[in-house]
Amino acid sequence: MENPYGIAALWQQSDAVIKFVGFSLLAMSLASWAVIFVRLFSLLKLRKAKHLVVKFWQQQDINNGVEQLAPQPHFQQLAVQGLQAKEHHQNHEEQLQGQVPLADWLTTALKNNIDDTRESLSGGLAILASVGSTSPFIGLFGTVWGIYHALIGIGLSGSASIDKVAGPVGEALVITAFGLAVAIPAVLAYNAISRGNKSVLIQLNRFASQLHAYYLTGTVQTKAG
C-alpha cells in the first residue's frame with residue numbers, strides 16, 4: 001500500500017506556498033551544482049600550471065615559452081601582458097607614459113592582469129554564497145508554514161491526533177531537510193573553491209614576480225627550494 005505519509009504523498013497534499021518553496025530550493029540547488037561542477041573542473045585544469053611554468057623557463061625563446069603556456073590561459077595571458085607592456089613602453093618613450101619607470105609600468109600591467117584573473121576566478125562564488133546563506137532560511141519558512149497548517153488542523157478538529165498533524169509537520173520537516181541539503185554543498189564548495197582560487201593566485205603572483213625580473217633584466221629571480 002502507498003504510504004500516506006511518504007514524501008510523494010506529502011508533496012501532493014501540500015499547498016501552493018510549500019510547492020513554491022520546494023521549487024525555489026530546487027532551482028537554487030541546480031544553480032549551485034552547475035557552479036560547483038564548472039569551477040571545480042576549471043581548478044582541476046589549473047593543477048598542471050606549475051609544470052607548464054617550469055617548461056616555460058626551459059625554453060630558449062620567449063615566444064616558444066608563451067606557446068608552452070597555451071593550456072593555461074591565465075598564465076599565458078600574464079606572460080603576454082607583461083611582454084606587451086614592455087614593448088609598449090619602449091615604443092612610446094617620447095610620451096608621458098614612456099617617462100614612467102619601466103619597473104613601475106610592468107608592475108602595474110602585471111597587477112592589473114592578476115586582478116582581472118581574480119575577478120574571473122570568483123565567478124559563481126556569489127551564487128554559492130547566496131545559496132548557502134539563504135536556503136536554510138527558505139527551508140525554515142516552509143517549516144513555519146507547515147507548523148502553521150498543523151495548528152490550523154488541530155484547531156478545526158478540536159483534537160491533536162496524529163492524523164491531523166502528521167501531514168503538515170511532515171511537510172515542515174521535509175522542507176527543512178531540503179533547505180539544509182541545498183545549503184551544505186554550497187557552503188562546502190564555496191570554501192573549497194575559495195582555497196583553490198587562493199592557491200592559483202599565489203602561483204600567478206610568483207610567476208608575475210619572475211616575469212617582472214626577466215622583462216627588466218633578462219634574468220629570472222627564484223626562491224631557493
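Predicted model: local features only at pLDDT ≥ 70, side-chain atom pairs only at ≥ 80, totals over all residues.
Colleague: Which residue does lysine 111 form a salt bridge with?
Modeller: Aspartate 115; the closest N and O atoms are 3.1 Å apart. Lysine 111 and aspartate 115 are about one helical turn apart because they sit four residues apart in helix α6 (residues 102-121). Helices here are DSSP runs (H or I, at least four residues; strands are E, at least two), numbered from the N terminus.

Colleague: And what does arginine 118 meet in a salt bridge?
Modeller: Aspartate 115 again, at 2.8 Å from N to O. Arginine 118 and aspartate 115 are three residues apart in helix α6, about one turn. Shared partners join Lys111, Asp115 and Arg118 into one network.

Colleague: Why do residues three or four places apart point the same way?
Modeller: Because an α-helix has 3.6 residues a turn.

Colleague: What is the relative accessible area of aspartate 115?
Modeller: It is 28%, so aspartate 115 is partly exposed. Arginine 118 is partly exposed too, at 37%. Buried means under 20% relative accessible area, exposed over 50%, and partly exposed in between (1.4 Å probe, protein chains only).

Colleague: Changing topic. Serine 32: buried or exposed?
Modeller: Buried, with a relative accessible area of 1%. Serine 32 is in helix α2 (residues 16-46), whose buried residues also include Leu25, Met28 and Ser29.

Colleague: What does its side chain reach?
Modeller: The side chain of serine 32 reaches the backbone oxygen of serine 29 at 2.8 Å. Leaving aside neighbours within four places in sequence, serine 32 is in contact (heavy atoms within 4.5 Å) with Leu128, Val131 and Ala186.

Colleague: How far apart are the end C-alpha atoms of α2?
Modeller: 45 Å, which agrees with the 45 Å that its 31 residues should span. The expected span is 1.5 Å times one less than the number of residues.

Colleague: Last one. Where is leucine 216?
Modeller: In helix α8 (residues 162-217). Leucine 216 is partly exposed at 35%, and touches Leu102, Ala103 and Leu106, not counting residues up to four places away in sequence. Leucine 216 and lysine 86 are 130 residues apart in sequence but 8.5 Å apart in space, C-alpha to C-alpha.

Conventions. Residues numbered from 1 in each chain as written. Heavy atoms only, no water. Salt bridge = Lys/Arg side-chain N within 4 Å of Asp/Glu carboxyl O. Polar contact = N/O pair within 3.5 Å; in protein donor to acceptor, adjacent residues only side chain to side chain.
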